Structure formats: structure tokens, C-alpha cells
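Trainee: I would like to learn how to read a protein structure. Where do I begin?

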Amino acid sequence: MPHLDTIGPNKLPITLHSGEGALLWDTGGRTYWDFYGGHAVTILGQGHPTWVAAIEQQARQLSFFTQLADVAIRTKAADSVCAFTKMHTCWFVNSGAEANEAALKMARKATGRSVIVAMEKGFHGRTMGALGVTWKYRDQHAPAHGTTRFVPYGDIDALKEALTDDVAAIICEPMLGISGIVEPPAGFLKQAVDLAHANGSVFIADEIQSGMGRTGLPLETHRENLAVDIVSVGKSIGAGFPVAAVLMTEAIAQTVSPGEHGTTYGGGPLACAAVQATLDVLEKEGLMAKATTLGTVMRNTLIELDGVVAVRGAGAWIGCVLDRPARPVVDALRDQGFLVGTAGDPHVLRLAPPAVMPEYAVHLLADAMRGVLSAS
Ligand SMILES: Cc1ncc(COP(=O)(O)O)c(C=O)c1O
């Protein structure tokens with residue numbers, strides 16, 4: 001097979017050919033409702049006309065120039081992202097892991113310290129720095145930055161104990177995404193941010209999966225008005241165009257020296273056109289409000305099903321906890337034309353549909369799930 005398969009047995013046994021909105025078609029012409037959102041990415045759905053037109057137009061106007069020169073669309077998109085997220089400075093990169101690499105590096109520089117405190121079951125990517133703070137890979141790769149101290153997600157006492165005076169940063173998702181949309185205990189995030197600051201450490205919110213509208217807010221950390229120092233965003237920010245960003249306070253931005261960090265492709269004009277178009281569509285079509293409503297419909301509908309023991313998450317980002325292993329349910333739903341995701345927790349279905357998913361499709365999914373759960 002010419003393209004390396006890094007997925008293995010979890011690989012979907014379909015070949016996708018096309019898509020429109022929340023629908024996908026495989027090469028055999030079968031239709032699927034995409035409740036997986038292409039891995040929590042396609043917040044606008046497939047082929048949104050505004051997004052397509054913006055990329056097409058930018059490709060004609062100025063297809064590429066690196067950060068050596070300012071590019072009008074990059075300046076505009078960075079302004080828009082900062083206004084949207086209420087962060088001071090934006091730095092565009094190409095992927096979520098790359099954003100976290102930069103975030104960790106900036107936290108180390110800003111504090112002159114090297115220890116990172118990360119969460120058990122947290123996920124931050126698969127490059128060497130990001131791997132070093134990702135729970136799943138802790139035994140396979142030594143942290144590239146020195147020491148990572150893992151604490152159980154939501155355990156404020158363990159966090160207090162871990163925060164010694166050599167800690168550069170706490171890195172934390174506002175809900176554990178890959179692990180199954182796990183919500184923190186009430187007040188945990190606020191206390192964690194306060195503890196970080198009292199300790200002279202930086203708080204990095206990894207909002208690569210949760211951020212840029214997915215939970216019905218610009219950032220999930222806005223829910224509690226958290227004063228985070230760095231936020232990494234990806235996925236929804238480009239709605240399918242490969243782009244991510246490190247968002248930071250003015251204080252962090254001032255610690256970055258010229259030449260210290262760089263990227264050839266990060267902030268390329270096509271990526272920035274995609275970001276700007278995504279933000280424009282989110283606003284014009286009221287998609288954050290739609291994501292919120294969709295989340296309410298998913299929660300209310302799915303919790304009624306026999307076999308569903310809990311539904312958690314916010315907006316278009318839902319973890320549906322089953323009383324049985326999720327994998328056979330995922331497979332059966334796919335056969336009936338619904339793509340849903342699995343999670344680190346083997347009993348969880350992970351739903352991250354485009355915000356344009358129609359509400360009636362949630363009821364179609366629930367009908368299909370009712371049949372699958374009663375048959376298994
Ligand atoms: C919370 C979180 N952080 C980081 C990443 C890594 O992003 P990428 O795959 O774009 O490198 C992911 C990807 O799923 C993620 O969910």
C-alpha cells in the first residue's frame with residue numbers, strides 16, 4: 001500500500017470519495033452522516049461554498065509566501081482570531097502537535113524552567129515534545145524537554161503537590177477529548193489556572209479539539225473566563241485546511257526572541273484564507289449557536305436510549321457512554337450510514353459533527369442506535 005497505514009485494525013473499511021455539508025459518499029456511492037466530523041475538524045461541513053471560494057480566490061491572488069514578509073490575509077486572519085478568542089497574539093503553524101511544541105517551548109523560555117505538569121489520559125499530539133506530555137505514550141518515549149509530571153485529571157490536591165518551583169507549565173485540555181469527552185470536576189480548571197500563576201508557572205490550554213466554536217463558544221475556556229497564558233488551537237480553526245495556532249498573552253509574546261521559532265508553511269496565505277472564511281461563516285451563519293443547540297438535542301435524545309448510561313460534553317462535541325463496548329456499535333452504525341468515533345475509553349462513542357448537521361439527522365442516528373443497541 002503506497003500510503004503508510006498508521007491506523008491498523010481501527011481503519012474504516014470504506015474509501016471516501018466526496019462530501020457536501022454533513023454528508024459523505026464512498027466510492028461505492030453509499031451515503032454517510034458524518035458524526036465524526038473528519039476527526040472533529042470539519043466544523044463547516046464539507047465544501048462550504050464561502051470557504052471554497054476564499055481558498056480559490058487566495059490561490060489566484062497570492063498562493064504562497066512565508067513569514068519573512070507580511071501578507072495581508074495573514075495579518076487579517078491573526079487579527080480576527082485574536083478578536084474572536086480574546087487573546088493578544090496569534091502565531092500560525094500547521095498542525096495541533098506543532099502548536100503544542102511551540103507552546104511548551106514558549107513556556108520554558110518565559111519561565112526559565114523545564115518541568116511540565118500534564119494530565120493523566122490527556123492527549124497533545126505525536127511529535128517528540130507533544131508525545132512527552134501525552135499520557136498514552138509515557139512509557140514509549142522519554143519527554144524531550146526533561147521531566148513530565150502526570151497528575152490525575154481533576155485531582156486538585158495532586159496538582160498542588162506536583163507544582164514545585166521548577167515547573168514551567170501545566171498543559172491541560174478543558175475536557176479530555178481523545179479520552180472520551182471527559183468533563184473536569186466543577187471549579188478544577190479555575191483552581192488549576194490560579195495555582196499555576198501562584199507558582200510562577202504558565203497555564204497552557206490545549207483547545208485543539210475543543211476550541212474555535214466546537215463547544216458553542218470561541219474557546220471552551222471562555223465558559224469560566226479562565227485567564228490562560230497560552231492556548232493551542234487547531235482542527236476547527238481551518239475547517240479542514242491544515243492550520244493551527246498558538247494564541248498567547250502579551251507577556252508571553254514579549255518573551256519570544258527573533259529567530260527563536262519559525263515555520264516555512266505556517267500562516268501561509270491559503271491557510272489564512274481558510275481561517276478567515278471559517279470565522280466569517282461561523283459568525284454569519286450563527287454556527288456557534290447551532291452547535292449549542294445540536295449539543296442539547298444530542299444530549300437529550302441519546303440519553304433516552306437503553307444502553308446509554310451517560311452523555312457528556314458541550315455543543316457539537318459529545319461523548320456518549322454505553323453500557324457495553326463501543327466498537328461493535330460504531331461498526332454497526334457505519335453499516336447503516338452513520339460515522340461516529342471511538343475514544344480512549346472503550347465504552348464511549350465520540351461525536352464531533354459539523355455544526356451544520358441538521359437536527360433531524362440526530363433523530364435518524366438515535367433511531368439507528370436504538371436498533372443496534374437492542375440487537376446487541
Ligand atoms: C487535544 C489535542 N491536542 C493535540 C492534538 C494533535 O493535533 P494534530 O493531530 O493536528 O497534530 C489533537 C489531535 O487529535 C488533540 O485532540
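Predicted model: local features only at pLDDT ≥ 70, side-chain atom pairs only at ≥ 80, totals over all residues.

Trainee: Which domains does the protein have?

Mentor: The domain assignment gives domain 1 (8-47 + 286-375) and domain 2 (49-284). Their centres, taken over C-alpha atoms, are separated by 26 Å. The contact takes 27 residues from domain 1 and 23 residues from domain 2.

Trainee: Which elements give two or more residues to the side of domain 1 that touches domain 2?

Mentor: They are helix H1 (37-40), helix H10 (287-302), strand E11 (308-313), strand E12 (318-322) and strand E14 (348-351). H10 gives the most to that side, with 5 residues. By kind, the residues of this side of domain 1 divide into 15 nonpolar, 9 polar and 3 charged.

Trainee: What is Ile230 in contact with, leaving aside its neighbours within four places in sequence?

Mentor: Its contacts are Ala103, Met106, Ala107, Val202, Ile204, Val246, Leu247, Met248 and Ile252.

Trainee: How should I read a strand?

Mentor: In a regular strand the side chains alternate between the two faces of the sheet. Take strand E5 (residues 115-119) as the case. Val115, Val117 and Met119 point one way, while Ile116 and Ala118 point the other way.

Trainee: Are the residues of E5 buried or exposed?

Mentor: They are buried, 5 of 5.

Trainee: Which strands pair with E5?

Mentor: One is strand E7 (residues 167-172), which runs parallel to E5 and is joined to it by 3 bridges. In E7, Ile170 stands opposite Val117. Another is strand E6 (residues 148-151), paired with E5 in the parallel sense over 4 bridges. There, Thr148 is the bridge partner of Ile116.

Trainee: Last, the ligand. How many residues surround the ligand?

Mentor: The count is 15, and the closest are Gly96, Ala97, Gly125, Ile208 and Gln209. Helix H4 (residues 96-111) supplies the largest share of the shell, 3 residues. The shell divides into 5 nonpolar, 8 polar and 2 charged residues.

How values were computed: Residues numbered from 1 in each chain as written. Contact = placed C-beta atoms within 7 Å. Near = placed C-beta within 6 Å. Nonpolar A, V, L, I, M, F, W, Y, C, P; charged D, E, K, R; others polar. Buried ≥ 20, exposed ≤ 12 C-beta atoms within 10 Å, placed from the backbone. Pairing = 2+ DSSP bridges. Domains from an automatic or database assignment.
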